[in-house]
Each structure stands twice: as C-alpha cells, then as structure tokens.
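Hello,

Here is the structure I promised to pass on. Please look it over first; my notes follow below.

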Amino acid sequence: MKMLLSPIARTVTRIAARPNSAASALGAVRCLNLHEYQSAQIMKDAGVNVPFGIAVQTVEEAVAAAKKIGDEEVVIKSQILAGGRGLGTFTNGLQGGVHIIKTSQVEEYASKMLGGTLVTKQSGAAGKPVNTLLLAKKMALVKEFYFAIMMDRTSQGPLIIACSEGGTSIEDLAVSSPEKIVKVPVSLLDGITDADVDKVVAGLGVSGDKAAAGDQIRALYNLFVDRDCTMVEVNPLAEDADGYLIAADAKIGFDDNASFRQKDIFTQRDHSQEDPREVAAGKWDLNYIGLDGNIGCMVNGAGLAMSTMDIISLRGGSPANFLDVGGSANVDQIKAAFEIITSDPAVKAILVNIFGGIMKCDIIAEGIIEASRSLDLKVPVIVRLEGTNVEEGKKLLADSGLDLITADDLDDAAVKAVASIA
C-alpha cells in the first residue's frame with residue numbers, strides 16, 4: 001500500500017473532487033489566488049488595516065506612485081503568486097523581490113523588476129513573471145507576527161494559525177520554534193467566539209490595544225467566511241508604534257466553486273502566473289498538473305491517475321503530468337487532452353489508462369484516433385482500456401491503422417511505456 005501513497009500522488013489530491021458531481025465524473029477544482037495588491041484591497045474593504053499602496057505596470061507609473069506617496073523612502077514589491085519574494089532572485093541577477101529604497105531609486109529598481117522573472121523558494125525553478133509592482137508606504141513597524149486562516153481536516157472547520165514571530169518563512173519557524181505557533185480551531189456553527197479571539201491575541205503577543213487587535217482578528221475571520229476563502233495569510237501581521245495591527249502583507253486564496261457569487265473577485269484572476277497548460281485544461285474542464293517526467297498520462301479518475309503515476313515510477317519511468325479526463329469527456333476533450341500533453345516538449349511517450357464506467361471506452365478510442373490523426377503524434381502511445389464498451393473501443397483502435405501499443409493491464413501498460421523510450 002505504500003506505493004499507492006507516494007509523494008507524487010499526494011501532490012495532486014487537491015484536485016480530487018468537486019461538490020455535486022459523481023466521484024467517477026470528477027470536475028476540475030482550482031483555487032483562485034490573488035496578488036498582494038488585490039488581496040490588500042479586499043482586506044481594506046473588509047475593515048482590515050492595510051498600508052497605503054499603489055499598484056503599477058510601467059516604470060512611469062512607478063515613479064508617479066512614489067511621488068504620490070510623498071515620502072523619502074518607499075517599499076517596492078514584486079507581485080507574483082509565490083511566497084518568499086524577499087529572498088528571491090531575478091534571472092537578471094537582481095537580488096530580492098521586495099526592497100525599501102529611496103524615492104529617487106524607484107525608476108532604477110522598477111526598470112530591473114518589471115518584465116523580469118523572479119525565482120523564489122516557492123515559485124519553482126522557472127520562476128514567475130513580474131508584470132506588476134506594488135509601491136507601498138514604509139511603515140514604522142515595532143513587531144511582526146504571522147497570521148493565517150485555512151480549512152482544517154482534523155477539526156473539519158476553519159483553523160487560525162498565529163505566531164509571535166513573522167515576516168519570515170513559517171515553514172522554517174515550524175521547525176526552529178514550534179512552541180511559538182498557536183492553532184485555534186473555529187466552530188462553523190458558532191463562528192469565532194471571544195475566547196477564540198483572546199487565544200489568538202495572546203498567541204501573537206500583542207502589546208498594544210488588545211481590543212482593537214481582537215477587532216482585526218474578527219475582521220479577518222469574517223473575510224475568510226464571507227468571501228469563500230480557502231486561505232487568508234498575513235505575513236507579517238505587524239504592530240505599529242501606536243500599538244495597532246496592520247496587515248503588512250496579504251495573500252488570499254478562494255474556492256472556485258464560489259465563483260458564481262464572488263464574480264468581482266474572480267474577474268481579477270492573473271493567468272500569466274499560471275501554467276498555460278493548466279489554464280488550457282481548465283477551459284476544457286480537464287484536471288491537469290504538470291510534473292517533470294517524460295511519460296505523459298491520460299487517465300479517467302483521480303485515484304486511477306495517481307496509481308498510474310506510481311506504477312510508472314515503480315517500473316523505472318517518470319510521469320510528465322497528472323491528467324484526469326473525468327467521467328463524461330467527449331471526443332473533442334480527448335483531443336484537447338492530447339494537445340495539452342504533447343505541448344510539453346519533455347514528453348517522449350503517452351500512456352492512456354481508461355477504466356470505463358460512466359466514461360465509455362469507445363469514446364476514448366474515437367478521441368485517441370482523432371487526436372493521433374489530426375495532431376500527427378510523433379511519440380509512442382500506449383493504450384490500456386477496460387470497462388464499458390471495451391470491445392467496441394479495442395476494435396476501433398485495431399481497425400484504425402494507427403501504430404498504437406495496446407496493453408492488457410495497468411502494469412503491462414507501465415512496462416511498455418517505459419520500454420518505448422528506453
């Protein structure tokens with residue numbers, strides 16, 4: 001059983017289901033993340049204290065924003081959807097994605113940052129493009145904390161995580177100083193109570209106005225609930241010289257299932273920060289996550305997809321992606337799935353593993369044939385079909401005249417996929 005719970009499999013469980021759909025007909029689940037400047041505005045609207053800031057897309061706008069702020073120094077922040085920006089590195093050599101600089105230096109820094117690619121601990125080796133900068137007022141911060149709210153499986157409700165140290169990696173703090181991290185589960189039925197708020201304020205170590213701090217904690221929690229958030233993270237949640245809490249940085253994630261009632265938020269999605277293959281998959285209602293292997297996978301069902309990747313690894317191969325076509329895909333979606341898989345230049349073979357239930361094997365076969373002919377596939381395609389209409393599907397493949405490699409079972413398919421690129 002260990003094999004079926006590999007790290008590869010665990011990385012993709014986040015897209016395993018959508019409410020109101022059959023388990024065998026899983027739809028795409030993608031959680032919207034917004035930039036800091038967008039999140040800050042949403043927080044401000046919810047009554048959370050945030051620093052004054054101006055988002056810019058050009059060097060000229062950056063210079064004008066700095067003048068509007070009017071201080072001798074400003075904070076200039078790269079806007080990407082990844083953490084660790086302060087310690088990141090631009091591919092052009094500039095160190096750090098966040099700087100406190102003199103107003104006279106804004107043009108110089110904006111020129112180097114805008115249009116650049118920032119690589120951080122969380123961005124992946126390819127980094128993320130910086131198309132927007134946030135020019136923010138430099139705050140006189142006395143203390144920095146960490147604050148987050150997310151859904152917790154154990155308590156089956158929102159969980160507030162607070163730490164008396166912030167402004168740095170919470171992952172590192174969890175290793176070096178776990179005793180400083182306070183976790184407060186909140187009842188979905190009762191909502192956040194005064195006792196919950198008191199625990200969080202005490203855990204943060206607030207030295208200023210504790211009642212005002214409590215109001216900020218409540219505002220953040222209400223934002224989490226009212227806006228259908230999957231996560232609200234403030235790092236740092238800081239205390240200024242007057243003892244008031246300020247959300248000095250903001251990161252918010254939203255549940256895509258709530259897009260119909262949070263339309264003003266979902267129109268702010270920045271596709272430039274996402275894998276274009278995942279964006280394309282979303283348009284076809286397919287579940288796709290790119291990996292770093294060379295055997296493309298097209299499977300129906302999240303569990304079968306994870307098992308397929310594990311067995312490929314067991315047989316000495318390396319999966320290039322997770323792709324679940326779901327239980328109701330049509331020929332056009334199957335063709336689109338092949339286009340997405342083959343858009344990865346690392347893919348040297350494709351393994352199609354279908355267990356037909358709601359998804360019929362003859363439909364998959366028609367899609368494979370259409371894709372093979374229209375895309376002029378240059379890589380080996382290994383096909384394992386089983387389940388509903390399997391004989392019809394196999395006959396379609398056999399009569400197609402295409403050079404496809406068929407397999408009797410999943411293990412046989414994995415062995416043949418690995419051998420095809422040996």
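A definition to begin with: axes are lines fitted to C-alpha atoms, for helices over the stretch in contact, and angles run from 0 to 180 degrees between N-to-C directions. Helices (H or I, at least four residues) and strands (E, at least two) are DSSP runs, numbered from the N terminus.

The model is predicted: local features need pLDDT of at least 70, side-chain atom pairs count only at pLDDT 80 or more, and totals for chains, interfaces and linings use all residues. Residues are numbered from 1 along each chain as its sequence is written, and side-chain values use heavy atoms, without hydrogens and water.

**Helix pair**

Helix α12 (residues 361–375) meets helix α13 (residues 390–399): their axes come within 7 Å and cross at roughly 20°. The two are therefore roughly parallel to each other (angles under 35 degrees count as such). In contact (heavy atoms within 4.5 Å) are C361, D362, A365, E366, I368 and I369 of α12 with V390, E392, G393, L396 and L397 of α13.

**Sheet**

Four strands make an open sheet, ordered β2-β8-β3-β5, with antiparallel pairing. Strands pair if DSSP finds at least two bridges between them. Neighbouring strands are turned by 25° against each other on average, direction ignored.

Strands β3 (residues 73–78) and β8 (residues 133–137) run antiparallel, joined by five bridges. K77 stands opposite L134 in β8. Helix α4 (residues 106–113) packs on the sheet and touches β3, β5 and β8. The direction of α4 makes about 5° with that of β3.

Best wishes

How values were computed: Parallel < 35°, antiparallel > 145°, perpendicular 65-115°, else oblique.
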